[in-house]
Amino acid sequence: MTLIWIVGASLCTALVSLVGRSIAFLGETQFRRLIHYAMSVAVGVLLGVVFLDVFPEALEAASAESVFIWALAGFLAFFILKFYTDEFVLISIQNKHPPT
């Protein structure tokens, strides 16, 4: 029975990967329309794994206060990183392509 679950999960993973990779071969218009959904699913899966699998294990291994502080620090660090990289990309695009 375990082998059936392993093979089934592997086939589902392969199918999802194939669908995800096929987005890259669409036309640019459809790619730009669908990439936001694909990124949203990827972020949702990542956050789901963190909060449903890793977070409870961290709560068992360390105090709740330190786990929550590190989680908040991680969110804050990525927020700041995204803010400054967006500004950097916007400035570099404007410098390469000045408005006409």
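**Close-up views of a predicted model**

F55 is buried, with a relative accessibility of 14%, which is under the 20% limit.

**View 1. F55 and F68 form an aromatic pair.** A search of the whole structure finds three aromatic pairs. In the pair of F55 and F68, the rings are arranged edge-to-face, with 5.3 Å centre to centre and 65 degrees between the planes. The pair links distant parts of the chain: F55 sits in helix α2 (residues 28–61) and F68 in helix α3 (residues 64–96), 13 residues apart.

**View 2. Four phenylalanines make up a ring cluster.** Ring pairs join F51, F55, F68 and F75 into this cluster.

View 3. Helix α2 gives the most to the patch, with five residues. L47 counts as partly exposed, with a relative accessibility of 36%.

**View 4. A38 is shown with I23.** A38 has its place in helix α2 and is partly exposed, with a relative accessible area of 26%. A38 and I23 are 15 residues apart in sequence, and their C-alpha atoms are 8.6 Å apart in space.

Methods: Residues numbered from 1 in each chain as written. Predicted model: local features only at pLDDT ≥ 70, side-chain atom pairs only at ≥ 80, totals over all residues. Heavy atoms only, no water. Phe/Tyr/Trp six-rings, centres within 6.5 Å; stacked < 30°, edge-to-face > 60°. Helix = DSSP H or I, 4+ residues; strand = E, 2+ residues; numbered from the N terminus. Buried < 20%, exposed > 50% of the residue type's maximum accessible area, 1.4 Å probe, protein only.
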